[in-house]
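Welcome! Then let us walk through it together.

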Amino acid sequence: MTALWLAFGALLVPALWWLVMPLRLAHRVRAAQRDTEAREPGTEDNLAVYRRRLASLESALARGDLSTQGFETDRLELERELLEDTRRTRRSPLRASRAGRLLVPVLMVAVVITSLLAYQQSGSEGDLALRAAQQQVLNGPEASPARLIEALEEQAARQPDNPNVWRSLFPLYRDSGRLEAGQRALQRLIELQGRRPALLAELAQLRYFAGGRRLDADIQALVDEVLAEAPAQPTIMGMLGIEAFQNAEYQLAIERWRKAIAGMGDERSSRALRQGIEAARQRLGADQAPRPDPQDKTSTENSRAPERVIDKVVE
């Protein structure tokens, strides 16, 4: 977290510097503007032009080149142009170069506060705290799943609306055999992120194992909801394959596990399902072969091999 705040400060320093820069350049800009305005034509120049043109009109009137009516018309036009030129060249006095300097620190404070509030609203401060808590446990001398669960539970109490906390917690509960706690964590994650098929599939699987691998009505409702949106959802297909195997529907188990493998990205789980498929094939062959002698220990061990493979699938 210290590195985060250092980086945050490093980003704010240039922004604050750009706010101060106009104040530092204000004196130079004012002097340049003053010089520019001094070089532009002013009221005196406009009056001089007016007088020269008026004298020219009077000379034309005296020579008879211009009638009295024409003289009056041209004189009024000259006066109108003089007023317009005077109005255009009239400028407000330049303000002092230090005017508004008190606004700069106010803007600097506002930028800092706005940045902090925006980061708290849309940033990942909670995720960084979660990551730091995980690394502290994993790199500590007493690293263990129980200690990691305890650290994550502290984070869940501090930031109960962070979905990443519950996403990290429920696999630890599940793998440590705390299936009820895993269900609660997963249900909280579903509340935060909606009824996504992957999350509902995990919940159905947790309830399936917690209930002794029985597909009751509540679990079936979850299965139906998932399959309505994701017909080949791998977690559901894997669970339904186990259910089919337990019901001695070995061909159906093979089909479901094949669908599960097609949608999986976890090689360990895919390998376990392939072993399950091989176990189902052995059972299909065993159904067509003569029954083994109950007194034959080798035959008994071979008949129990598929169950050991299914345990790996469950894990």
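## A serine to start with

Serine 270 sits in helix H13, which runs over residues 267-288. Keep in mind as you look that this is a predicted model. Is serine 270 buried or exposed? Serine 270 has a relative accessible area of 4%, and because the cut-off for buried is under 20%, serine 270 counts as buried.

Which residues does serine 270 touch, once those up to four places away in sequence are set aside? They are Ile261 and Met264.

## The whole chain

Now let us step back. The chain has 14 helices and 0 strands. Read along the sequence, its pattern is α-α-α-α-α-α-α-α-α-α-α-α-α-α.

Of the 315 residues in the chain, 29% count as buried. The accessible surface of the chain is about 20,400 Å², and 53% of that surface belongs to carbon and sulfur atoms. Sequence distance is worth a look too: among contacts between residues at least 6 apart in sequence, 56% join residues at least 24 apart.

The largest nonpolar core holds 47 residues. Which of its members touch the most others? They are Leu169, Leu186, Ile236, Met239, Phe245 and Trp257. Helix H9 (residues 197-210) supplies the largest share of this core, with 8 residues. There is also a second, separate core of 7 residues, and Tyr50, Leu57, Ala60 and Leu78 are among them.

## Leucine 54 in helix H2

Leucine 54 belongs to helix H2, which covers residues 43-63. With a relative accessibility of 17%, leucine 54 counts as buried, because the cut-off is under 20%.

Which residues is leucine 54 in contact with, leaving aside its neighbours within four places in sequence? The answer is Phe71, Arg75 and Leu78. Take leucine 78 as an example: leucine 54 and leucine 78 are 24 residues apart in sequence, and their C-alpha atoms are 7.6 Å apart in space.

Alanine 201 is part of helix H9. Its relative accessible area is 0%, so alanine 201 is buried. Apart from neighbours within four places in sequence, alanine 201 is in contact with Val226, Gln233, Thr235 and Ile236. How far apart are the C-alpha atoms of alanine 201 and glutamine 233? The two residues are 32 apart along the chain, and the separation is 7.7 Å.

Threonine 235 is found in helix H11 (residues 234-246). At 16% relative accessibility, threonine 235 is also counted as buried. Its contacts, leaving aside neighbours within four places in sequence, are Ala201, Glu202 and Gln205.

Helix H12 spans residues 250-262 and has 13 residues.

The buried residues of H12 are Tyr250, Ala253, Ile254, Trp257, Ala260 and Ile261. Why do they count as lying on the same side of H12? They cover an arc of only 125 degrees around the axis, which puts them on the same side of the helix.

## Aromatic rings

The model has 3 aromatic pairs. One of these pairs joins phenylalanine 245 and tyrosine 250. Their ring centres are 5.2 Å apart and their planes are at 70 degrees, an edge-to-face arrangement. Phenylalanine 245 and tyrosine 250 are both buried. Together with Trp257, they form one aromatic cluster.

## Two loop residues with positive phi

Finally, let us visit two loops. Arginine 213 lies in the loop between H9 and helix H10 (217-229). Although arginine 213 is not a glycine, it has a positive phi of about 60 degrees. Its relative accessibility is 26%, so arginine 213 counts as partly exposed.

Alanine 248 is in the loop between H11 and H12. Its phi is near 65 degrees, again a positive value in a residue other than glycine. Is alanine 248 buried or partly exposed? Alanine 248 is partly exposed, with a relative accessible area of 45%.

Technical notes. Residues numbered from 1 in each chain as written. Predicted model: local features only at pLDDT ≥ 70, side-chain atom pairs only at ≥ 80, totals over all residues. Heavy atoms only, no water. Phe/Tyr/Trp six-rings, centres within 6.5 Å; stacked < 30°, edge-to-face > 60°. Buried < 20%, exposed > 50% of the residue type's maximum accessible area, 1.4 Å probe, protein only. Helix = DSSP H or I, 4+ residues; strand = E, 2+ residues; numbered from the N terminus. Contact = heavy atoms within 4.5 Å. Areas by Shrake-Rupley, 256 points an atom, 1.4 Å probe, with all protein chains shown as cover. Core = buried A, V, L, I, M, F, W, Y, C linked by side-chain atoms within 4.5 Å. Expected span 1.5 Å × (residues − 1). Arc of directions from axis to C-beta.
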